[in-house]
Amino acid sequence: MKPAEPGNNNLVDMFDRSISYLRLSLTDQCNLRCLYCTPKTINDKLDNVELLSYEEILRVVRLAVEMGIKKIRLTGGEPLVRRDITTFIRWLAGIDGLEDIRLTTNGVLLPDYAEELYRAGIRKLNISLDTLRPERFREITGGDLFDRVWRGIGIAREMGFAPIKINVVAMNGINDDEFLDFARLSQTEPYQIRFIEFMPMGKDSAWDKGKYISADTIKKRLETLGPLASVASGGMEGPARMYQYAGAKGKIGFISPISHHFCDKCNRLRLTSEGKLRSCLLTDRETDLKGIIRNNGSDTDIRNALLATILNKPKGHLLNTEKSGTCHGRMSRIGG
Ligand code: SAM
């Protein structure tokens, strides 16, 4: 393997995909206990010392940006529960060459953090919300917090965050009776409502084949409200296929990792909350970057680990909707 050098875009994998997007899981902890992600049966959270420190993450990000990373997403777990998150974001925003910092949140702490996040430089928010019904929200997440999340979305909109993407995990028998309500929301509000196919992740999660519903099926149901015109989603906008109703303020997106792989265009690398580098969300193959850093690894060692992980990026994930295709990695640690 040719050693990685600073200053070049070294981040091209074996299948000629240029890797420019790093997703950081800042913590595995979350203030919700979604039944499909961190259900109450899962209690083994990481000790603080097992998380990469902000200094360690910044070191990795600086090197990764020198090598070609342009966009970062902060996720988790719930990134807003990590202490001093906005200070960290300001440090991150000071890294030369980093063009775009985005945040994925469940929105519970948005009413408290929206202003600080805006001042720290975040403009683009993904907010996860699987239901518009407070009682169902409590059933799915374990928290009686729908009103807070809804208020947070409103505050973010008023403050000028854009785009605001609302991510809905589509689950048969759980929230499929609300797809049209979400679709109507895209007609009246300037939100991007993105339906995500339920992925078989984590061996203790609530995933089962019967709850999976394909993006094509959802789209057909949404078309009962009117035709959906395809709209371009832009270079850095990720894997969603985007559509819009005539005259709508917002858009509809479909993220279909199971039914329509987008692996051939995948430009992502992940750093898990345990400090592991992972080149595919749905393939349990990781490089122990924290081990390298904490054993006095040099910058060259870190660059080589980034490069090796990318060269090892699988052509595509092998998940399907059979239980045998379950990915054992936990979403909250990997960073969804
Ligand atoms: N706490 C933040 C949030 O709720 O947005 C960030 C982390 S959360 C793990 C990121 C996203 O992953 C959420 O939209 C969540 O719904 C989604 N997710 C978790 N498990 C999933 C699964 N099995 N299939 C599809 N999406 C999943």
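The model is a predicted one, where local features need pLDDT of at least 70, side-chain atom pairs count only at pLDDT 80 or more, and totals for chains, interfaces and linings use all residues. Residues are numbered from 1 along each chain as its sequence is written, and side-chain values use heavy atoms, with hydrogens and water left out.

Thr38 sits in the loop between strand S1 (21-25) and helix H1 (54-67); helices (H or I, at least four residues) and strands (E, at least two) are DSSP runs, numbered from the N terminus. Is Thr38 buried or exposed? Thr38 is buried, at 9% relative accessible area (buried is under 20%, exposed over 50%, partly exposed in between; 1.4 Å probe, protein chains only). Beyond its neighbours within four places in sequence, Thr38 is in contact with Leu32, Arg33 and Ser332, contact meaning heavy atoms within 4.5 Å.

Now for the protein as a whole.

| Property of the protein | Value |
|---|---|
| Helices | 10 helices |
| Strands | 12 strands |
| Box filled by C-alpha atoms, along the principal axes | roughly 55 × 40 × 40 Å |
| Buried share of the 336 residues | 55% |

As for contacts with a separation of 6 or more, residues 24 or more positions apart account for 75% of them.
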